[in-house]
Amino acid sequence: MRKPRRPDPEVHETDYRVPAALGTAAWVVALIVLLAMGDALPDSERWWIGVCVTGIALGVFGFLYIPYLLRKRGETVEHAAERVEGRSETP
């Protein structure tokens, strides 16, 4: 016999920009280390510089996009709640 499924835990909203900022900072540190190596970095490994720049660009995009995404998500929830309230008021 199967056990009944426990209810999902409550969702705890956090500031999602913090991990985006930390990840971007890590890519910045990695880029600085690679650039500081200068000629000691073999030509076959120089592609890592592009990876770091891409990581920084995606991190900045995410950091700037997260507030927009959360705002839109909140608006969608509000609109859905208004539609549900509007339906319950009609006889």
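**View 1. Phe61 and Tyr65 in helix α2.** In this predicted model, Phe61 and Tyr65 both belong to helix α2 (residues 47-89) and sit 4 residues apart, about one turn of the helix. Tyr65, with a relative accessible area of 35%, is partly exposed.

**View 2. The tilted pair of Tyr65 and Tyr68.** The ring centres of Tyr65 and Tyr68 lie 5.6 Å apart, and the ring planes stand at 45 degrees. This angle falls between the limits of under 30 degrees for stacked and over 60 for edge-to-face, so the pair is tilted. Both residues are in helix α2, 3 residues apart, about one turn of the helix. Tyr68 has a relative accessibility of 39% and counts as partly exposed.

**View 3. The stacked pair of Phe61 and Tyr65.** The structure holds 3 aromatic pairs. Phe61 and Tyr65 form a stacked aromatic pair, with 5.4 Å from centre to centre and 10 degrees between the planes.

**View 4. The aromatic cluster of Phe61, Tyr65 and Tyr68.** Phe61, Tyr65 and Tyr68 make up one aromatic cluster. Tyr65 takes part in the stacked pair with Phe61 and in the tilted pair with Tyr68.

Note on methods:
Residues numbered from 1 in each chain as written. Predicted model: local features only at pLDDT ≥ 70, side-chain atom pairs only at ≥ 80, totals over all residues. Heavy atoms only, no water. Phe/Tyr/Trp six-rings, centres within 6.5 Å; stacked < 30°, edge-to-face > 60°. Helix = DSSP H or I, 4+ residues; strand = E, 2+ residues; numbered from the N terminus. Buried < 20%, exposed > 50% of the residue type's maximum accessible area, 1.4 Å probe, protein only.
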